[in-house]
Amino acid sequence: MSNNFYNLDKLDRKILQELDIDARQSFSKIAKKLLVPQETVRYRVKLLEQNNVIQNYYCIIDLGKLGYNVHKVLFKLHNVDEVQVQKIIAYILQNPNVNWLARFDGFYDACF
C-alpha cells in the first residue's frame with residue numbers, strides 16, 4: 001500500500017464484483033464461481049474489510065415488490081439562475097415521495 005491506496009489484484013476485483021451482485025452469498029459460492037479455495041475468498045474479504053476497501057454491507061429494497069411505482073425523472077432547466085435552481089430543488093425535496101436527488105453537469109441538470 002502506498003499513499004493510502006489499496007492495490008487490488010484481479011482476484012480482489014472479481015470478489016468485489018461478486019459481492020456487489022449479492023453481498024449475502026457465501027464464501028463457498030463465490031469460491032466456486034471464481035474457481036479458488038473458499039479460504040482464499042474468506043482471507044481476501046477479511047483483508048478488504050480491514051483495509052476499509054469494504055466498509056459496510058447494505059440492503060437494497062425492490063420497492064416495486066412492495067407495490068410502489070418507482071420513477072426516475074431527469075430534467076434540464078432553461079433561463080434560471082442558481083437561486084431559482086435551489087428553490088426548485090428545495091420544492092422537489094419537500095415531496096415525501098422523493099427519496100433522492102442528484103445534480104449533474106452536462107445535458108441534464110438533475111435527476112430525482
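Student: Which residue forms a salt bridge with Asp 12?
Tutor: Arg 44 does, with the closest N and O atoms 3.0 Å apart; a salt bridge here is a side-chain nitrogen of Lys or Arg within 4 Å of a carboxyl oxygen of Asp or Glu. The model is predicted, so local features need pLDDT of at least 70 and side-chain atom pairs count only at pLDDT 80 or more, while totals for chains, interfaces and linings use all residues. Residues are numbered from 1 along each chain as its sequence is written, and side-chain values use heavy atoms, with hydrogens and water left out.

Student: Where do Arg 44 and Asp 9 lie?
Tutor: These two side chains also meet in a salt bridge, at 2.9 Å from N to O. Arg 44 is in helix α3 (residues 38–50) and Asp 9 in the segment before α1 (10–21), 35 residues apart; helices (H or I, at least four residues) and strands (E, at least two) are DSSP runs numbered from the N terminus.

Student: Is Asp 12 buried or exposed?
Tutor: Asp 12 is buried, at 3% relative accessibility. Buried means under 20% relative accessible area, exposed over 50%, and partly exposed in between (1.4 Å probe, protein chains only). Arg 44 counts as buried at 19%, whereas Asp 9 is partly exposed at 34%.

Student: Turning to Lys 33, which side chain does it meet in a salt bridge?
Tutor: Lys 33 meets Glu 18, at 3.0 Å from N to O. Glu 18 lies in helix α1 and Lys 33 in helix α2 (residues 27–34), so the pair ties together parts 15 residues apart in sequence.

Student: How many salt bridges are there in the whole structure?
Tutor: The search finds seven.
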